[in-house]
Each structure stands twice: as C-alpha cells, then as structure tokens.
Amino acid sequence: MKPSGAGRPIPERSDTAEAEAAELRARLLRGISATDRRLRLRRALKALTWLAPAACLWLLATWLLGLGAGAAGPVAALWPSWAGGAVLLLLFLREAAALGRDLPAAARALDRAGDLHDAAATALEMQRRMGEPSGGRQGGNARRGAVWPLPWIALVLRRAVAGLDRTGPRRTVPRLVPRRALLSAGICLVLLLPVALPRSLVGEALAAAMSGDPAGDVPPGFDAAALLEDDPNRIPGVPELDVRLSDLPFVTLRVREPDAEDRARGREATDAAEGSLGDGAEAETLDATAEGGDAAANALTDETNPETGADLMRELDNRAGTGEEEKGAAPGTEGSAESADPGAEAGEGDGSGGQPTEDGEGSGAESGSAAALSDEPGSSDGDADGAAAGIGTGPQEEMVDPFGDLLVPALSLEQALETALLESIEEIERRPLTTTSATQFRAAEVSLRGTAAGVAVEASASGGEAPAARRPIAWRHRDSVRRYLEALQAAAEEDGE
Amino acid sequence: MNDTAQPRTADDLALQLTEFADRCSRLRGEIGKVIVGQENVVDGAIIGLLADGHVLLEGIPGLGKTRLVRTLAQALHLRFNRIQFTPDLMPADIVGTHVLREDETGRRRLVFERGPIFANLLLADEINRATPKTQSALLEAMQETTVTVGGETNPLDPPFFVLATQNPLEMEGTYPLPEAQLDRFLFKLRMTYPATGDLHTILDRTTSGHTPEAEALWTAEQVLAMRRAARLAPVARPVQEYAIRLGLATRPEGDRPAEAVRRYIRIGASPRGIQAMVLGAKVHALIRGRPNVSREDIRAVALPALRHRVLLNFEGEAERVDLDDLLQDLVDSVPEG
C-alpha cells in the first residue's frame with residue numbers, strides 16, 4: 001500500500017482555531033473530570049460493600065479473641081487479630097490506590113454511555129498531546145503517535161464536547177450506591193451485634209463454647225490451664241498429656257521430696273512395727289509393717305482431710321483389699337483392723353509420715369501402700385518419694401507406684417470395652433473414641449507404668465463407670481488405649497489360668 | 001470533497017467529511033442499481049478502494065463478482081481493464097512485453113507494449129485459475145505500483161486498484177494463491193448467496209428488456225483526495241491498542257492464545273494485517289460521518305482484513321474449521337480495554 005498524501009504541507013494553526021481548541025479542551029477536561037470523580041466515588045462505595053463487612057468481621061474476631069485471651073491466655077494470643085488487621089489494611093490500601101485519577105477510563109465510560117464512538121477517548125488523547133511541546137502536530141517524538149492536523153483536532157474535540165454535554169456525568173454514572181449496599185449493611189449490623197450486647201452475656205456463651213460443654217455444665221472452679229500447669233507428667237521422658245485429655249476436672253496429686261521430719265516419722269513407724277514384734281506380738285513382721293504404714297496413713301488422712309482422704313482410701317480398700325484378706329500381703333481392711341491392736345502406737349507415729357498434697361487426697365494412700373511393698377523398687381522419683389515418706393526406709397529408686405496393682409482391676413476388660421464403645425480391641429481402629437474414655441485409659445496406662453499416680457486416682461475413683469462421651473479424640477491416643485486394653489486382656493487370661 | 005483544498009477549520013473539515021459520506025452513499029446507491037444485496041461486499045470494495053488497498057472477492061461462480069467489479073468501474077470514471085486468468089496465462093500477458101516495431105524510417109526496435117495491468121481499476125477474474133508464476137506477476141504492481149520488464153521500471157497511474165475474484169479453493173482447476181500474494185490484498189470479501197427477496201429483484205432486472213447501468217460518479221482525482229483524507233482520520237491510542245490486541249490474538253505462539261487458535265491456526269495475522277484493520281477502520285468511520293476511529297470500526301473490518309492472513313494448520317483443515325467463525329469468536333472475546 002503506498003502512502004498517498006504523505007508529505008503534503010499541513011495548514012498552519014490560526015489564532016481562532018487555537019482559541020476554540022483551547023476552550024474545547026477546557027470543557028472536555030471539566031466534563032471528563034466530573035465523570036471521573038463520580039466513577040471513583042462509585043468505585044469507593046462498591047469497595048466498601050465488601051471492605052466494611054470484612055472490617056466488622058475483623059472487629060468481632062478481635063473482640064472475641066480479646067475475651068478469650070483475658071480469661072485464659074496472654075495478649076500474644078491475639079496474634080490472629082493483628083495478622084487479620086494487617087491483611088485488611090493491605091486490602092484497604094490496594095483499594096485506595098485503585099481510586100486514583102483515571103481520565104481515560106472516564107472517557108471510555110462517556111463513550112459507552114453516550115454512544116460517542118470513542119470520540120471522548122480520542123479527544124482526551126488529542127488534548128493531552130496539545131499540551132505537549134510539539135503541540136501534537138510537529139511529530140517531534142515519533143513514538144508518541146501520528147500527527148493530527150488542527151482542524152481534525154478541533155472537530156473531534158467539538159464532537160466529543162457536544163456528546164459529553166449531551167450525556168453528562170450523571171447519565172454516565174446514574175447510580176452511585178451499589179445494589180449490594182443494603183446487604184452489606186445488614187451483614188455489618190449482624191456482625192456488630194455481639195459487640196453491642198452486654199459483655200457478660202456474650203462472655204458466658206463464649207466460655208461455654210471454649211470449654212466444649214454446654215453453658216452451665218462446667219464445674220465451678222474448673223480451670224483447665226491450672227491442670228496443665230500442675231500436670232505431673234511433665235517430666236523428661238514421660239509422655240505429656242494432651243490438652244484434651246486434661247479437659248476434665250480429675251484429681252491431681254503432687255508428691256514432694258521427703259524432708260527430715262518425714263524420714264524421722266518413717267523411722268519411728270518402722271521401729272514401732274519392729275518393737276511390737278519384739279514384744280511378742282503375734283502379728284507377722286510383714287503384716288505389721290503393712291498395718292503400721294496403712295494405719296498411719298489412715299490416721300493422717302483422717303486428720304488432714306477426713307472427707308476426701310478417708311473416702312478415697314475406703315474405696316481403694318473395698319476394691320483392692322477385701323479379696324486378699326487371707327493373704328495379708330496387701331493393705332486394706334485387714335491392715336486397718338489390725339492397726340487398732342499392735343500397730344496402734346505405730347499408727348500414731350506414722351501418721352505424720354504421709355504428707356498430704358495440696359488438695360489433701362491420696363497422700364496417705366501412697367504412704368500406706370508403699371509400706372506394704374517396701375521391698376520393691378520404685379519406678380519414678382515421685383513415687384519413690386511418696387513411699388519413702390511412708391516408711392522411711394530403703395532407697396528412693398526402690399519405691400513403686402502404690403496404685404499399680406490397684407488400678408488393674410479398676411476396670412475389667414468388658415467395662416473398658418464398654419467405656420470405649422468397643423466390642424473388641426480390634427475395633428479400636430474403626431470406632432471413634434471419646435475424650436473421656438481415652439483420658440481414663442491413658443491415665444490407667446500411665447499408672448501401670450508407675451509414672452503418674454495423680455492421674456491414676458481419677459481412673460480408680462471413677463469406679464470403672466464410663467463417664468458421658470465427649471468429643472472424639474486424636475488417633476494417636478488409640479495406641480495408649482489399645483495397650484491398656486491388651487494389658488487388661490492379658491490380666492484376664494492370667495486370672496483364668 | 002474538493003480535490004485539492006485542505007480544510008483550514010473544523011467547519012471546513014466537517015463539511016468535507018459530510019461530503020465524503022454523501023459520496024460514498026451515492027456510490028453505494030449507484031452500485032445498488034445493478035448489484036442487488038451484497039451490501040457488505042459493496043462496502044468492503046469501497047473501503048478497499050479508499051484505503052488504498054486491493055480487494056479479493058471469493059465466491060462460487062454466478063454470484064455476480066465480475067458484475068460487481070464492472071459496475072464499480074462504471075461508477076468511477078476510471079480506466080478499467082479485465083484479465084481473465086487461465087492456466088496457460090503467462091506473466092507477460094499481464095504486465096506487457098517488448099515487441100519488435102518498425103518506425104517511419106524503417107528501423108526496427110524493441111518497444112514495450114503495456115499489458116492490461118496498466119489501468120486504474122483492474123479486474124483479475126478467477127485469479128486462482130492461473131499458475132502461481134502468473135499470479136506473482138501482480139506482486140510488484142500491487143505493492144509498489146510499478147511494473148518492471150526487461151530491466152525497465154514503469155510506474156502505474158494512480159489510483160491503482162486491483163479487484164480480484166477467485167473461486168473457492170475446493171473447486172477443480174484452481175491454484176491456491178501464495179501467502180505473499182494473499183497478503184497484498186487489503187481485504188478478502190466473501191460473496192454469499194442472495195436472499196430470496198433479492199433473487200426476485202435480480203430476476204426482474206436481468207431478465208427483462210432493460211438492463212440498468214451505473215452512472216459514473218467519481219473521478220480519479222476525487223478518489224485520491226478521499227484517500228488522503230482517510231489517512232488523516234485520528235485513531236486514539238486505546239483504539240489502536242485494541243486493533244493490536246485483536247491482531248495478536250490470532251497468533252498461536254502469542255501470549256496465552258485461545259484454545260481454538262492454539263489448536264487450529266498455523267500462521268496468525270502479520271503487522272500488515274493490523275495495518276489493514278486500522279486503515280479500513282478509518283475509511284469505515286469516515287463513511288459513517290465520524291472524524292475519529294472507534295473500536296466498532298475496527299471490529300467491522302476485522303474479518304475482511306484478517307481472514308486471508310490467518311492460515312489454518314493441518315488439523316484445522318482436516319476438521320474443516322470455519323475460519324470466519326473462529327475469527328468472529330476472537331473479535332467477540334478480545335477485551336476492548
């Protein structure tokens with residue numbers, strides 16, 4: 001294609017044409033700027049329709065997190081809120097940046113609305129080029145585009161301005177408020193409603209939701225965090241209890257190091273037992289030791305915390321001791337019966353040997369049981385300490401968990417399976433377990449290994465009755481449950497033989 | 001439109017543009033006396049003429065291709081020649097040849113005898129029935145508007161406008177035009193069967209005693225002036241970007257091509273194809289009385305400007321993909337920006 005007409009002289013500008021073009025440019029810019037403002041306003045309102053609900057959601061989340069953090073955690077627990085806030089801020093900045101002046105877009109909108117066939121866009125480019133030093137005609141910079149003669153520029157400007165006057169910003173952007181504005185406002189109201197409600201009302205519901213129990217079912221004074229703090233399993237080498245396993249108000253025992261006084265008392269108890277034997281008493285040495293320690297423990301717990309300590313020991317006696325009265329090797333009713341006779345003095349003396357824990361439960365039981373089995377090594381420091389406090393003899397390493405042999409019969413295999421909602425051990429891979437059953441089995445297993453006597457008390461004290469099912473637990477706890485059930489099965493088989 | 005006067009003011013220009021549109025309208029009316037229907041083809045031919053390009057008309061025999069070109073020639077006051085392309089046609093039959101001629105003194109010398117290509121309006125009838133060698137004889141004339149024979153270059157008189165007709169390639173005895181030759185055509189227009197109503201009119205006009213004739217309206221100078229005016233029509237940068245996007249969208253190796261393009265197209269539109277779109281859009285805008293080009297003008301000329309520059313690959317040919325449908329999908333899908 002040959003370029004015809006190329007190189008022909010272009011007519012010079014006249015003053016009149018220049019003035020007319022300048023006026024047209026000004027009018028064009030005013031019109032397009034007005035449209036641009038209206039477009040930006042509409043864009044901003046449109047952005048608000050999703051930014052406002054997002055901000056309200058963030059506000060609500062922050063408020064709820066604040067409630068939770070105030071009750072049970074540090075301020076650092078609010079980090080999701082800070083992160084969410086930062087994301088929200090970035091989105092806001094992005095929207096704000098998009099609200100910059102965009103005259104070509106406004107011209108395009110005018111062209112569409114007024115059916116101007118790109119006259120406004122062309123005129124806008126023309127007026128911009130006229131503002132350049134080359135005046136849009138000289139072609140000083142070839143990359144900037146073609147050279148347009150002034151009559152063409154003036155004509156395009158004139159038509160564009162006429163179309164712009166005919167159309168106008170209001171016709172171009174007839175509706176400022178987006179259609180979703182009402183919906184957005186409704187969502188904002190819903191999201192802000194909890195914040196506006198009385199704090200106590202929301203706080204109770206939140207506390208109930210966080211505990212996993214319906215409102216009102218949480219035992220008074222229950223504090224899961226405190227349980228975790230006092231978790232006796234936080235010992236190197238001892239598996240740590242899952243938070244969900246600690247989500248029950250079970251009894252926690254803490255065994256402390258025996259002091260000199262404990263040892264002295266333990267020594268007195270031993271002496272008393274030996275002395276009664278030396279005085280010609282009919283009781284056998286081993287029984288007397290057991291009786292003395294047991295009686296001492298009973299005496300202590302009765303004195304210190306008669307309700308919990310005595311009840312617990314009685315329950316343990318009923319379960320573990322009654323069946324072995326004839327053997328006389330285990331503490332229980334036999335021991336307590338004899339304590340009134342030759343071991344009475346020892347009971348007086350040993351009573352201070354067992355030290356109550358903070359809640360006063362079980363310390364007497366530990367010392368009493370340890371006295372009965374003092375010739376076996378203990379498996380952990382805590383247990384050994386407790387045993388040492390009870391009888392005051394032997395190295396700590398030789399002490400054992402006093403509940404070890406008491407817990408095994410706490411649940412029969414059938415009871416355990418029933419608690420876990422299982423028909424067989426193999427079914428453990430298919431059926432959901434509950435927090436409660438897992439807690440119980442886990443505690444029992446730990447107790448069997450002599451590592452967490454405190455936890456074991458709950459399992460034994462529950463009497464093998466399955467508490468109400470709660471949430472499903474993690475699969476990793478199934479190994480513990482399986483081990484426990486298998487241990488029960490092995491014990492049942494041994495008994496059968 | 002005054003042949004030589006340049007508009008000095010916007011009012012002058014507006015008058016000239018009005019006259020431009022009126023002339024085109026009258027020409028369409030004059031052609032319409034003879035050619036019934038086919039408005040798009042007539043418009044395409046006029047746009048091709050005023051955009052300083054050449055037009056390829058495709059259609060089965062009997063649709064009035066030749067008659068359309070003859071009518072256009074009648075309405076234009078231009079020197080018109082017709083070449084019927086046949087398989088035995090030689091290049092010299094088109095461009096001319098040196099012949100031995102005796103002067104008054106009896107001396108014999110070689111004189112260049114101009115071929116039929118030396119005309120303002122050339123009808124290359126059934127161009128694809130000639131061999132590629134003969135077809136290529138038109139290349140220089142169409143691109144450079146010169147003819148070189150025996151080392152001597154002869155310019156063609158402006159305006160030079162080639163209107164070629166071809167039968168669909170599936171027909172027997174046809175040679176496909178080389179890509180280089182195809183690219184020389186600004187537009188490729190497809191003639192379709194006339195509607196039933198139009199057929200009545202055609203029969204009435206052609207089977208009665210009176211055969212209508214077109215009246216000559218435009219002179220060569222007027223055509224040249226209108227060509228110059230058309231080139232001055234401003235195209236805003238966003239509109240130009242749209243044309244470029246449209247052209248690039250036809251390339252299978254482009255940035256994220258459409259699935260159909262990637263699958264069926266072998267060669268996309270060349271820069272000359274985008275030039276053709278913009279030039280055609282300028283004339284299209286002026287014909288409608290607008291001084292500036294819009295995206296609608298680009299869209300209106302996109303298919304004629306691209307359909308012969310975009311080539312199907314083997315898979316596209318095998319599956320008989322309709323290139324017009326594919327291009328129309330592209331035109332519809334490319335964002336206006």
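Select chain A: of its 497 residues, 38% count as buried, where buried takes 20 or more other C-beta atoms within 10 Å of the residue's own, exposed takes 12 or fewer, and partly exposed lies in between, with C-beta atoms placed from the backbone. This is a predicted model, in which local features need pLDDT of at least 70 and side-chain atom pairs count only at pLDDT 80 or more, while totals for chains, interfaces and linings use all residues. Residues are numbered from 1 along each chain as its sequence is written, and chains are lettered from A and ligands numbered from 1 in the order in which they are written.

Colour chain A by secondary structure: it has 20 helices and zero strands. Both are DSSP runs numbered from the N terminus, helices being H or I with at least four residues and strands E with at least two.

Next, select helix α3 (residues 103-114) and α5 (150-172) of chain A. Their axes come within 9 Å and cross at roughly 105 degrees; axes are lines fitted to C-alpha atoms, for helices over the stretch in contact, and angles run from 0 to 180 degrees between N-to-C directions. That makes α3(A) roughly perpendicular to α5(A) (65 to 115 degrees; under 35 is roughly parallel, over 145 roughly antiparallel, the rest oblique). Show A:A109, A:L110, A:A113 and A:G114 in α3(A), which meet residues of α5(A) including A:G163, A:L164 and A:R166. Contact means C-beta atoms, placed from the backbone, within 7 Å.

25 residues of chain A are in contact with 28 residues of chain B. On the chain A side, α4 (119-130) and α5 are the elements that give two or more residues, and α5(A) has the largest share, seven residues.

Move to helix α9 (residues 220-232) of chain B, which has 13 residues and reaches 19 Å from its first C-alpha to its last, close to the 18 Å expected at 1.5 Å a residue (1.5 Å times one less than the number of residues). Its buried residues include B:V223, B:M226 and B:R227. What covers the buried residues of α9(B) includes α5 of chain A, together with α1 (10-34), α2 (39-50) and α12 (271-287) of chain B.

Finish on helix α10 (residues 237-248) and helix α13 (residues 295-306) of chain B, whose axes come within 9 Å and cross at roughly 25 degrees. That makes α10(B) roughly parallel to α13(B). Here B:V239, B:Y242, B:A243 and B:L246 in α10(B) meet B:R295, B:I298 and B:A302 in α13(B).

Methods:
Contact = placed C-beta atoms within 7 Å.
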